[in-house]
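Please keep the sequence and the structure at hand while reading.

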Amino acid sequence: MTLIFIPAFYGFTHQHGDWLDKAVYGLAEYQHEKIQQAQLVAVPGCYPTAAQLALKPLVDAGLLNEAQWPVINATSGVSGAGRKANVGTSFCEVSLQPYGLFNHRHHPEIVAHLGTPVIFTPHLGNFPRGILATITCRLKAGVSREDIAAVFHRAYDNKPLVRLYEQGVPALKAVVGLPYCDIGFEVQGEHLIVVAAEDNLLKGAASQAVQCLNIRFGFPETQSLILTDKYTMTNPLIIKLGGVLLDSEEALGPPVLKRC
């Protein structure tokens with residue numbers, strides 16, 4: 001599948017197709033055992049990380065109505081476009097705008113690894129960093145809020161870098177500069193909205209690479225990413241942000257997250 005969509009969406013033919021077959025897809029929360037044995041780990045893209053962490057528990061549990069594709073509307077800060085000099089991504093020129101409609105290179109990655117078709121629309125926002133993905137889905141008849149909460153807990157209760165909201169949905173300010181993906185949801189009848197937030201440069205890129213490295217070499221999964229395993233935000237949490245030690249309340253304001 002990867003070899004098929006690389007030329008169409010990336011505009012070139014991969015020169016080392018043999019290594020593509022050997023590479024482990026580094027969605028750390030789902031590939032732990034394979035990463036432990038990997039010679040090469042391919043860390044997911046920023047949008048696919050947020051989208052898959054939000055949807056994969058629901059897809060795997062068979063809770064979604066397959067007749068209606070999940071719709072992913074995700075907005076990234078301008079750092080997602082890199083640092084090249086370009087008027088279109090210059091901070092003072094950016095206006096909130098969708099882009100890559102039906103042809104963004106992360107679309108086939110999401111579909112291939114999620115195992116279900118989706119409609120994915122990325123947006124560029126006039127802020128430096130972070131991704132907020134708002135995902136609408138149709139549930140199968142009879143699926144309750146408790147069912148949804150249960151599958152998220154089964155998936156992430158032992159995953160220290162995914163934080164679940166007991167109430168409400170995440171905002172970017174809770175994740176920028178931190179290695180987490182935060183997930184919350186609301187449900188009304190058969191309609192479900194899931195919101196995922198992450199720092200596109202960290203959980204969507206560099207810190208997930210470090211997370212995979214830790215898994216591969218037998219270090220604690222959060223080694224060098226957080227300075228404590230107390231990732232329940234109802235208690236004080238010491239984090240490292242830009243080389244400075246901060247208390248969670250100082251860094252993020254009043255604690256709003258709860259590990260259920």
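## Arg-145 and its partner

Arg-145 has a relative accessible area of 30%, and is therefore classed as partly exposed. The model is a predicted one, and in it Arg-145 forms a salt bridge with Glu-186, with 3.6 Å between the closest N and O atoms. This pair links distant parts of the chain, since Arg-145 belongs to helix H6 and Glu-186 to strand S8, 41 residues apart. Glu-186 is likewise partly exposed, its relative accessible area being 39%.

## Other salt bridges

In total, the count comes to six salt bridges. One of them joins Asp-182 to Arg-163, where the closest N and O atoms are 2.8 Å apart. Because Asp-182 is in strand S8 and Arg-163 in strand S7, the pair ties together parts that lie 19 residues apart in sequence.

With a relative accessible area of 14%, Lys-56 falls under the 20% limit and so counts as buried.

## Packing of H4 against H6

Two packed helices are described by the angle between their axes and by the distance between those axes. For helix H4 (residues 46-60) and helix H6 (residues 145-156), the axes come within 9 Å and cross at roughly 115°, and the crossing is right-handed. On the H4 side the contact is made by Gln-52, Leu-53, Ala-54, Pro-57 and Leu-58, while H6 contributes Ile-148, Val-151, Phe-152, Ala-155 and Tyr-156. Sorted by class, this contact has nine nonpolar residues, one polar residue and no charged residues.

## The nonpolar cores

The largest nonpolar core has 37 residues, of which Leu-58, Ile-72, Ile-148, Phe-152 and Ile-183 touch the most other members. At least two residues of this core come from each of H4, strand S3 (71-76), helix H5 (106-114), strand S6 (131-138), H6, strand S7 (162-164), strand S8 (181-188) and strand S9 (191-198). Among these elements, H4 gives the most, with eight residues.

Which residues does Phe-152 contact, once neighbours within four places in sequence are left aside? They are Leu-53, Ala-54, Pro-57 and Leu-58, together with Asp-157, Leu-164, Ile-183, Phe-185 and Val-194.

When residues up to four places away in sequence are not counted, Asn-214 touches Phe-219, Pro-220, Glu-221, Thr-222 and Gln-223.

Terms used
Residues are numbered from 1 along each chain as its sequence is written. This is a predicted model: local features need pLDDT of at least 70, side-chain atom pairs count only at pLDDT 80 or more; totals for chains, interfaces and linings use all residues. Side-chain values use heavy atoms; hydrogens and water are left out. Axes are lines fitted to C-alpha atoms, for helices over the stretch in contact, and angles run from 0 to 180 degrees between N-to-C directions. Helices (H or I, at least four residues) and strands (E, at least two) are DSSP runs, numbered from the N terminus. A crossing is left-handed if the near helix is turned anticlockwise from the far one by less than a right angle, and right-handed if clockwise. Contact means heavy atoms within 4.5 Å. Ala, Val, Leu, Ile, Met, Phe, Trp, Tyr, Cys and Pro count as nonpolar, Asp, Glu, Lys and Arg as charged, and the others, Gly among them, as polar. A nonpolar core is a set of buried Ala, Val, Leu, Ile, Met, Phe, Trp, Tyr and Cys residues joined through side-chain atoms within 4.5 Å. Buried means under 20% relative accessible area, exposed over 50%, partly exposed in between (1.4 Å probe, protein chains only). A salt bridge is a side-chain nitrogen of Lys or Arg within 4 Å of a carboxyl oxygen of Asp or Glu.
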